[in-house]
Amino acid sequence: MPTAPNPGRLTGPLFMLASALCFSILSSMIKLMPPGYTAWHIGFIRCLGGLVVLLAISPKGKNPFAGHNIPLLAARGLSGSVAFFLLVSAFRALPLSTAIVLFFSYPVFAAMFGLIIYKEKFSPTQLACMGVLVAGVAILFDFKLSGSIAGRAMAMAAAVVAGLTVTLIRSLRHKNGPVIIYLYFCTMGTLLTLPMSLAHPIRPAGLLEWGLILGIIGFSVLAQLAMNQGFFYCKGFEGAAYMSSESVLTSLFGILWFNDPVSLRFFAGAFLIVGSGLALNLVTFSKK
């Protein structure tokens, strides 16, 4: 009899792909926000809005903050908030290609943290897949190491912290649902960005800005919950590698929405990124 397909083989990557799609839409909306909105404002909007949404859908009569390993939930929330702030700051300080390529090295750091913290093992083939993935992102965005040293440092710091964050999510998912993991992210992010947002308040100018703000909140919630659920099926570096499809989708939205030019780089980079993700999936599940 033929062997029944393993649903876990596609479940994790599909959750990650859905998350990457939502994150790509989120990035496009952030790009459309007026220049007066700083990284502090955008972080505050995303985190406070997400906090309100999650508290609103929490079951009545139950403590929404009751979870397993509260210190680790708080640490993951803080690291995710810091990574987001650093990334948005890097986008403002660097050419997009430089910031994107430096940040999307984070699957490598996720693998390093998985090895250090959880003694996760990965094969030379898996390492090669991650190397091809980073090369694909570099080709896709015509990478040139340009921009300020401070901006590059922020992009690399964002990659390191993001690598730690996705590794911690993998651990927390064993005894916590995706909602509470994101709830702590929103809580820590709100506390982090609140002082600067209050010091320099900004009022939306019209319906378009309100629409963008609601979109940022909504797609943030969808993206984060899908990613957290995906890590139930993926190790940190595997999920991070699948999430790198966000770079292809972001570039595609740039072509469709912002009239970015279509070039051979787009197809070559997308082929390497998607191909390395598929290869990683095959290698990972052939070992199970």
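How many nonpolar, polar and charged residues does the lining of the largest cavity have? By class, that lining has 5 nonpolar, 4 polar and no charged residues, where Ala, Val, Leu, Ile, Met, Phe, Trp, Tyr, Cys and Pro count as nonpolar, Asp, Glu, Lys and Arg as charged, and the others, Gly among them, as polar. The model is predicted, with local features requiring pLDDT of at least 70 and side-chain atom pairs counted only at pLDDT 80 or more, while totals for chains, interfaces and linings use all residues. Residues are numbered from 1 along each chain as its sequence is written, and side-chain values use heavy atoms, with hydrogens and water left out.

**The cavity**

- The structure holds 1 cavity of 30 Å³ or more, a cavity being a set of points on a 1 Å grid over the protein atoms alone where a 1.4 Å probe fits but cannot get out.
- The space in the largest cavity comes to about 40 Å³, a volume being the space filled by probe spheres set on the grid points, which are joined across faces, edges and corners.
- Its lining is made up of Gly43, Cys47, Ser81, Phe84, Phe85, Phe185, Gly189, Leu192 and Thr193, lining residues being those that have an atom within 4 Å of a point.
- Two or more residues of this lining are given by each of α2 (39-57), α3 (70-93) and α8 (178-199), and the largest share, 4 residues, comes from α8; helices here are DSSP runs (H or I, at least four residues), numbered from the N terminus.

- A search of the whole structure finds 0 disulfides, a disulfide being a pair of cysteine sulfur atoms within 2.5 Å.
- For Cys47, the closest cysteine sulfur is that of Cys186, and the separation of 5.5 Å is too far for a bond.
- Cys47 is buried at a relative accessible area of 2%, and Cys186 is likewise buried, at 0%, where buried means under 20% relative accessible area, exposed over 50%, and partly exposed in between (1.4 Å probe, protein chains only).

**The second largest pocket**

- About 400 Å³ of space lies in the second largest pocket, a pocket being an open set of grid points with protein on both sides within 12 Å along at least five of seven lines.
- Of the 18 residues that line this pocket, Pro13, Leu17, Tyr242, Gly277 and Leu278 are the closest to its centre.
- The helices α1 (8-32), α10 (236-243), α11 (245-257) and α12 (264-286) each supply at least two residues of the pocket lining, which by class has 13 nonpolar, 4 polar and 1 charged residues.
- Ala240 lies in helix α10 and is buried, with a relative accessible area of 0%; its C-alpha atom is separated by 35 Å from that of Ala199, 41 residues apart along the chain.

**Helix α6**

- Helix α6 (residues 124-140) has 17 residues and reaches 24 Å from its first C-alpha to its last, close to the 24 Å expected at 1.5 Å a residue, the expected span being 1.5 Å times one less than the number of residues.
- The buried residues in α6 are Gln126, Cys129, Met130, Leu133, Gly136, Val137 and Leu140. They lie on the same side of α6 because they cover an arc of only 115° around the axis, the arc being that of the directions from the helix axis to the C-beta atoms.
- Ile139, also placed in α6, counts as partly exposed at 35% relative accessibility, and its C-alpha atom is separated by 5.1 Å from that of Gly269, 130 residues apart along the chain.
- Just after α6, Asp142 takes a positive phi of about 50°.

- Trp40 has its place in helix α2 and is partly exposed, with a relative accessible area of 24%; the C-alpha atoms of Trp40 and Phe85, 45 residues apart along the chain, are separated by 7.1 Å.
- Asn69, in the loop between α2 and α3, has a phi near 65°, a positive value in a residue other than glycine, and at 36% relative accessibility Asn69 counts as partly exposed.
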